[in-house]
Amino acid sequence: QVLLVFAKEDNQSNGFCWACEKAGFRCNIARTPESALECFLDKHHDIIIIDHRHSRYFDAEALCRSIRTTKPSENTVIIGVVRRHADREESSILPLISAGFTRRYVENSNIMACYNELIQLEFGEVQAQFKLRACNSLFTALEKSQEAIEITSEDHVIQYVNPAFETVMGYQIGELIGKELTEVPINEKKADFLDTINSCIKIGKEWQGMYYAKKKNGDSIQQNVKILPVIGQGGKIRHYVSISRLCNDNNKVSENKKTCERVQAESQTDIQSCRHKDRRKGSLDVRSTTSRGSDGSSQRRHSSMARIHSMTIEAPITKVINIINAAQESSPMPVAEALDRVLEILRTTELYSPQLGTKDEDPHTSDLVGGLMTDGLRRLSGNEYILSAKQTHQVAGSLISPISLNDIPPRITQAMENEEHWDFDIFELEAATHKRPLVYLGLKIFARFGICEFLNCSESTLRSWLQVIEANYHSSNSYHNSTHSADVLHATAYFLSKERVKQTLDPIDEVAALIAATVHDVDHPGRTNSFLCNAGSELAILYNDTAVLESHHAALAFQLTTRDDKCNIFKNMERNEYRTLRQAIIDMVLATEMTKHFEHVNKFVNSINKPLAALEENGNNGDGESVKTVLTSPENRILIKRMLIKCADISNPCRPIEQCIEWAGRISEEYFAQTDEEKRQGLPVVMPVFDRNTCSIPKSQISFIDYFITDMFDAWDAFADLPNLMQHLDNNFKYWKGLDERKLRSLRPPPE
């Protein structure tokens, strides 16, 4: 929100008014200092622009000082508009700064100059103020924490301690701030023990263990301590955070002291993992285990197996195996041997995943399959990768409400003109919206499909929801950001408009598909599931190394939606309908996980493509009852929705060539960054070919198209009729082949 304080309307005030409209900012105008102060205290604007050119109307600096005395102005950006003096020396900015102005703007009524100023403010000072506002809540949490927290600079100078620290240690905050750790008698064994800790934290690893601290009154207390280095500007350690908790029983001093000394000794030999635990704690006594099994347990185990064989509940695969076994008994030898091979294949758990050959395999294909279709190599190190970029998620209350669908800036309207067509340019919309395409495209597509009417929610609730979801995509990711989400939403809407899809899905399926596309990668960290599992991330632990990111996207989407009524698009739904919709959304988001890629594609081919082809061969032209049964059975509708979102999610190779190239560059950069981080952290490198110094992007695209895309889109095209996509796919494949044949590794050929 912007407040303009101009005594009279002129070209400059009009310029800022038009710029606000163009940028989509809400704008108020005040003509007097009194009305300006009253308006600000009511609206709490993010930016205030005060006319400093005409002192005869009001004293701009006095007004700025009055605003700065109010509590809400703490995080407000205040700009002073000053005269342009071509013939006079440049005047000092200091009087304006002293009065409380953030910066000055030399008068220029050109609408683009005003617009540029507002955009720079939004992405500069205003964003910085948002972060500072968030700091208040973080410090409130620290102040109320039961754990003793101490923050020091890179040079170990104490910068902050919380009340719990003061209580435990007996110091007042004023006695500690600005002191070096060595000046405060915190540990009895400074010299040797602190060296041990420092050697760990100085290389960027956290340290955890126990030590004795000395209170101000000289008493010793034993604490569990975790010290975490915080990386800041320039990628260097800028702070250390120490979190301490008193050990549960401080009466057993001598016993605890022995434990502490053992932990300290262990830390010397185990410095690489920086974890201090007794690794034998959970071990079993082998003799006791075997002796327990020597009594009646084996007999009990045999009777259990007998019960399992006599069970009446039989899985379909078990029935198939039993039928083949029975057929083998009366079959000639060649048939029996062939059936043996069939049984061998059926007994594997990976029925739908093609097996890669071991010889002469293309490393690009192997790495892509390994990186996208496995959950990673487990690692026995203590290193953990924690998603720290967004530990607190954006919620509705912390965001500015976007503009209405009827009041979208012209450039954005123009960028969305052909959004119903496949060749729609998402990157043009990304540029027009300053990397916020999801809100605008979402508003338009959801309106076209009547989503608000179906959900019985207001447009303002939908706007708030879209903005909350977009705010929780990481704009720092080169690929998995809100532009990718908007691209998948666009592809989903395009597929839903195809005739065969329209006659198959119900309105609730369409709503589920559009919502699932919008949220399907929310809070993506820009790393693969394999990386998170290898790194022992909190998410991997939470979801047991299984569909880690997809489970997180689905869960977080519902958490963000339902925690605040302002953005809860489901709040007016009837309970059973909401449960059905929720299940469909979750199922579609989980279907985007690549480990089940071939299972979904094969089920679609066998349950939908082949039966439809058989019906057409039998003379059925596609309108009969049999076709309707194939298309609309609940099981098949689920398969169609899964296939739809899968194709939308990885449709980049089917986009026009320039978009295809841009997406290829973005995903490659994300994989390069992952490889860089894996090497930096000493983790297994999941996709070695994605090394920014040696990778051939054309080869990686050829492998991806060959292995994942061609068969899937052949099947989807046979169902939905998408000749334009298949033509783009053919063109793009030839483009990458051409580059590869010229031994080029880049996105584009060098200029002639």
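Helices (H or I, at least four residues) and strands (E, at least two) are taken here as DSSP runs, numbered from the N terminus. The structure is a predicted model, so local features need pLDDT of at least 70 and side-chain atom pairs count only at pLDDT 80 or more, while totals for chains, interfaces and linings use all residues. Residues are numbered from 1 along each chain as its sequence is written, and side-chain values use heavy atoms, with hydrogens and water left out.

Just past the end of α31 comes Lys-743, with a positive phi of about 60°.

How are the buried and exposed residues of α31 arranged? Burial is judged by relative accessible area: buried is under 20%, exposed is over 50%, and partly exposed is in between (1.4 Å probe, protein chains only). On that scale the buried set of α31 consists of Leu-725, Met-726, His-728, Leu-729, Asn-732, Trp-736, Leu-739 and Asp-740. They cover an arc of only 155° around the axis, which puts them on the same side of α31; the arc is that of the directions from the helix axis to the C-beta atoms. Pro-723, Lys-734 and Glu-741 are exposed on the other side of α31. As for partners, the buried residues of α31 pack against α19 (482-496), α29 (657-681) and α30 (697-720), where contact means heavy atoms within 4.5 Å.

Lys-734, exposed at 53% relative accessibility, meets Asp-730 in a salt bridge (3.2 Å, N to O). A salt bridge is a side-chain nitrogen of Lys or Arg within 4 Å of a carboxyl oxygen of Asp or Glu. Asp-730 and Lys-734 are 4 residues apart in helix α31, which means about one helical turn between them. Asp-730 counts as partly exposed, at 33%.

Salt bridges turn up elsewhere too, and a search of the whole structure gives 29 of them. Asp-676 and Arg-692 pair through their side chains (2.9 Å, N to O). Asp-676 sits in helix α29 and Arg-692 in the loop between α29 and α30, so this pair ties together parts 16 residues apart in sequence. Another salt bridge joins Lys-679 and Asp-691 (2.5 Å, N to O). Here Lys-679 is in helix α29 and Asp-691 in the loop between α29 and α30, so parts 12 residues apart in sequence are tied together. Lys-679 is partly exposed at 47%, whereas Asp-691 is buried at 13%. Asp-10, Asp-51, Arg-53 and Glu-107 are linked in a salt-bridge network.

Next comes the annotated site. An unreviewed UniProt entry lists His-480, Asn-481, Ser-482, Thr-483, His-484, Asp-521, Asp-649 and Gln-701 under "binding site"; UniProt positions are given in the numbering used here, feature names are shortened, and annotations may be inferred rather than shown by experiment. Asn-481 lies in the loop between α18 (459-471) and α19 and is buried at 7%. Leaving out residues up to four places away in sequence, Asn-481 touches Tyr-473, His-474, Ser-475 and Arg-666. His-484 belongs to helix α19 and is buried at 1%. Asp-521, in the loop between α21 (507-519) and α22 (529-534), is buried at 7%. Beyond neighbours within four places in sequence, Asp-521 contacts Tyr-473, His-480, His-484, His-553 and Asp-649.

Finally, the nonpolar interior. A nonpolar core is a set of buried Ala, Val, Leu, Ile, Met, Phe, Trp, Tyr and Cys residues joined through side-chain atoms within 4.5 Å. The largest has 116 residues, and Phe-495 and Trp-716 touch the most other members. Helix α30 gives the most to this core, with 13 residues. Contacts of Phe-495, not counting residues up to four places away in sequence, include Trp-422, Phe-713, Trp-716 and Leu-725. Apart from this core lies another, of 21 residues, among them Leu-4, Ile-79, Ala-113 and Cys-114.
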